[in-house]
Amino acid sequence: MRRFGRTLVTAALAVTLVGGTAGWASGDSQAAVTGPPPGTDAWRADTASGGSLPDPATASPREVAAFFAGLDDAARHRLLRSHPLVVGNLEGAPLPLRYEANRIAVAATGEARYASLAAPDRQILAFDPRGRGQVAEVFGDLEHAEHVSVIVPGSDNDAAGYDTRRKPATGPAGMARSLREATGTGSATGSGSGSGSGGSTAVVAWIGYTTPVGVGLDAADGRLARAGAARLARFTAGLDAVGAPDPVLFCHSYGSVVCGLAARHTDAADIVAFGSPGMRADTAAALGTGARVWAARGPADWIADVPNVEFAGIGHGVDPTSAAFGARRVPAADVEGHTGYFVPGTQSLAAFAAIAKGEVR
């Protein structure tokens, strides 16, 4: 009974600390956006091609890829114009077609907060305006890349705030740009899409799930992470279906919870958790993945103050940087704060770039 009491107190402390970091009331409960993209009913009803179209809810990305491979360019573009939100979010569809579809879908919203995403040099791989919005952007040439990395962010990220100004090298886009530049294949100027054929490393900033807002109960439990894990697994299957290399997943904060739950369902080559509250596993081996698992935490990262427990669904378990967890450690002694892992000149960014390029064995 005494042991149970200690566990209960520790779990309560975990919730208090997660909430207290920036104020318990700052966290609003979010409804996870799941299921196929908007416009799916019209897509299913479309028989203009002479047959049924692959169901976004049930067709595998490989089946989608095979379907589009059997169409000529005119047929592909007819579907794009008629169903931009479906084509733009359909895992397994050709990448250039998705970029074009999402430019149309973004413009069609008529909302100023999304307008910048429709610029001709943006490579928007996914766009869903439901809820707070979801978005994925490619930096580099994903079609021809030798290496692919995916940034999986944590709380307070969505399509509506994706292009708001942040400190350099923070936020999903900032991290993606910084990582690509650190691999030696990115441009230090301009929008950062780098859509030429010269780069061997492509990076995707992926906000493909409903993230928690603030640090309330959503950030302390696994409900949104479970929904996000299913979407991340399908996203990586989509990369595989179009011939992309097995990705490296860079998972920040609550995003590492998503990656932990998705790990056994992806073909990731490496999974890197940084600023992590836990991955809902006791050990790296318990993630059930063939990927190499890495972990980093800076000395001034407030996430260290969150107790690594899981009780009654609250808390995310063992610290991934602990010896007990068994992940490979990434040096991070010079990282400042919770979001400074991709700042140029840091040990962590240099190590991340080496992992992204497959240079670490």
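Which strands does helix 7 lie across? Keep that in mind as we walk through this predicted model.

**Start with the whole chain.** Show everything as a cartoon and you'll have eleven helices and eight strands to look at. Of the 361 residues, 54% count as buried. The chain exposes about 14500 Å², and carbon and sulfur atoms supply 54% of that. Now for contacts between residues at least 6 apart in sequence: 67% of them join residues at least 24 apart.

Eight of them make an open sheet with mixed pairing, in the order 1-2-4-3-5-6-7-8. Strand 1 and strand 8 (328-329) stand at the edges; each has a single partner strand, so one side of each has no neighbour in the sheet.

Pick residues 292-296, which are strand 7. Strand 7 and strand 8 run parallel, joined by two bridges. Click on W294 and then on R328 in strand 8: these two are bridge partners.

Select residues 171-182 and you have the answer to the opening question: helix 7 lies across strand 2 (134-139), strand 3 (147-152), strand 4 (201-207), strand 5 (248-252) and strand 6 (270-274). Compare helix 7 with strand 4, and you'll find an angle of about 170° between them.

**Last stop: Q123.** Look in the loop between helix 6 (95-109) and strand 1 (124-128). Is Q123 buried or exposed? Its relative accessibility is 9%, so Q123 counts as buried, the cut-off being under 20%.

Definitions and conventions
Residues numbered from 1 in each chain as written. Predicted model: local features only at pLDDT ≥ 70, side-chain atom pairs only at ≥ 80, totals over all residues. Heavy atoms only, no water. Helix = DSSP H or I, 4+ residues; strand = E, 2+ residues; numbered from the N terminus. Buried < 20%, exposed > 50% of the residue type's maximum accessible area, 1.4 Å probe, protein only. Pairing = 2+ DSSP bridges. Contact = heavy atoms within 4.5 Å. Axes fitted to C-alpha atoms, helices over the stretch in contact; angles between N-to-C directions. Areas by Shrake-Rupley, 256 points an atom, 1.4 Å probe, with all protein chains shown as cover.
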